[in-house]
Amino acid sequence: MGQQIAYRLLLSVPVLLGVLVFGFLLLKLAPGDPAMVVAGPSATPDVVEQIRKEMGLDQPTLVQFWRYISRVAQGDLGRSMINNTSVAEELALAMVATAELMIACLAWAVPAGIAMGTIAAVFQRGLIDRVVMAFSVAGVSMPVFFIGLLLMQYLGYKWQLLPFLGRGGPLWTLEGLRHITLPAMTLGFIFVGPVARMTRASVLDVLKADFIRTARAKGLREKTVIIRHALRNALIPVVTLVGLQAGYLLGGAVVTESIYSWPGVGRLAVGAILASDMPLAQGAILSLAIAFLVINLIVDLLYGLLDPRVQHR
Amino acid sequence: MTSTDIESSTPLPRPVGLLRRLASDSTVLIAGGILVTIVAASLLAPFIAPYDPYETGYAPFIPPAFMEGGTSEFLLGTDQQGRDLLSRLLYGTQATLLTGLLGVFFGGGAGVVLGILAAYFKKFDPPIMRFVDVLLSFPAILFGLAIAAVIGPGIVPIIIALSIATVPDVARVTRSTAVVVMSQEYMEAGRAIGLSDRHLIIRYLGLNCIGSVFVFLTLRFGQVILIGAALSFLGLGARPPMAELGMMAAQGRDALFFAPHISTIPSLAIFMIVLCANMLGDALRDALDPRMRNM
């Protein structure tokens, strides 16, 4: 276990460096002269030259890279080329919005998936099982944007039930909740399936265990056996699945944000790339990559905490 | 690898009567039939498409023939620029399938090479597997964003992103199969009669690993198509006026509330392709390993 974490941490160092090199190159590749962009169109050559010196653009590449790393370490990711705002500030706001969306999605999709998977396992090969499994296959086969466009078209536009553009404010306000409902439903839809499938397989597996037979032999009610004994043990792989699927969820989140104009990191990144706003794109990709390094570390840690048997492997 | 290594010297599973088992499964027949029809239709697009997919001269926003206001002239209606949707759908399916196939092909190829090298040359094993771990820590969508940021949006960055996303898993599957193959007696025999590394790797190792990699890629194909479609939908893929399903769905967004068919029809096509691919993959996995049926 300790070895596993040490390995992960060691592996993160070169990866982090690689990610930083990538971000640096992205800025270098940007079309146009950054000094000119900062100086503005009406600046004289002297002013541009001075800004170039101030920005360190006259230094060798390695020195520039070192400066870049120390700037990033201090949370300075440069300024957007389009509207000259601080990239770090924009990203901080966008990260909150993306985190909100993911939490709102998990808040309904994980319980729903666990419930569906458990019921399917209990009634294995019955009608409910077939419906749940069909729903699960359909869920992983649907493009996120298809779900999003359908929900937007019916729940949002035709029946006027929910707003479908942008964020309505903090989550604890009614408007905030109303605005996040459709995006969270869309993103959750692709996640319920995998969770239900995993829970079903895991519960079926646990139901074969000796301690379940013992519990039944003790004369416990079937409900208690399923919920107290089977489900609790079956949840370990489900929790790891949620962690491992963070990347899958992010892919869905980027599309969902773009459909509902949700002001998250994904939408910011795509917009920046399409507009060739390299500092913003660099910041968004950099922070997403670092977020993933951290998520992977946390999942590894959780593995050991949830299932002590992992430590002995 | 010593010959006393019990776990890795177990013989490879032989799929006996695999095709017969698959053919008796009604899911396989239906999903396979639909998929074959879709692929054939997209390949025959130049011959069966009623109109030029780029011809813009017709009335825009005509609904499909089966809906109110539709005409039999345009079976699936026209899009926002007055192009025949059926023709664009056929060509778009071709582009979408080709993008996915190329991604799986290049990614799968690179993965097989890495996996076999890691299994055959012990000294390459740690660096290759570390590299694979690194690739695994980032989601496909992030590769898509990063590559599109460097070389600009287009079909090529999508194919590269899909390839990179396919490499690590294929490398792992290949390596685990190759390690088992390495412990087989014929490998020992081949080495004993003095065959070259190249011959052993290609003829002995490679050919014996291809089967499991193929099964794995079948399982993954649906997901690869979905990622590609998502990247195209975001505008990072095919450039207009080219027809590609994800991009067509994105272009139909502006007309969503009065001509929903423009985005619904390509989305539905992606859904059908991925659904059939996933069902076929599941059936293939069940047929190869009946113990997995409950998964």
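Leaving aside neighbours within four places in sequence, which residues is Ala230(B) in contact with? From chain A come Pro143(A), Val144(A), Gly251(A) and Val255(A). From chain B come Ile141(B) and Gly246(B). This is a predicted model.

**Core**

Ala230(B) also belongs to the largest nonpolar core, which has 153 residues. It is among the members that touch the most other members. Also in that group are Leu101(A), Ala269(A), Ala281(A), Ala284(A), Ile285(A) and Ala161(B). Domain 1 and domain 2 of chain A both give residues to this core, so the core lies between them.

**Domains of chain A**

Chain A splits into domain 1, residues 2-73, and domain 2, residues 87-312. Over C-alpha atoms, their centres are 35 Å apart. The contact between them involves 13 residues of domain 1 and 14 residues of domain 2. On the domain 1 side, nine of these residues are nonpolar, three polar and one charged.

**Chain A with chain B**

The contact between the chains takes 38 residues from chain A and 39 residues from chain B. Several helices of chain A each supply at least two residues to its side: α1 (2-29), α6 (127-141), α7 (144-158), α8 (174-207), α11 (246-260), α12 (265-274) and α13 (278-306). That side has no charged residues.

The table sets out the two contact sides by residue class.

| Domain 1 of chain A, touching domain 2 of chain A | nine residues | three residues | one residue |

Key: Residues numbered from 1 in each chain as written. Chains lettered and ligands numbered in written order. Predicted model: local features only at pLDDT ≥ 70, side-chain atom pairs only at ≥ 80, totals over all residues. Domains from an automatic or database assignment. Contact = placed C-beta atoms within 7 Å. Nonpolar A, V, L, I, M, F, W, Y, C, P; charged D, E, K, R; others polar. Core = buried A, V, L, I, M, F, W, Y, C linked by C-beta atoms within 7 Å. Buried ≥ 20, exposed ≤ 12 C-beta atoms within 10 Å, placed from the backbone. Helix = DSSP H or I, 4+ residues; strand = E, 2+ residues; numbered from the N terminus.
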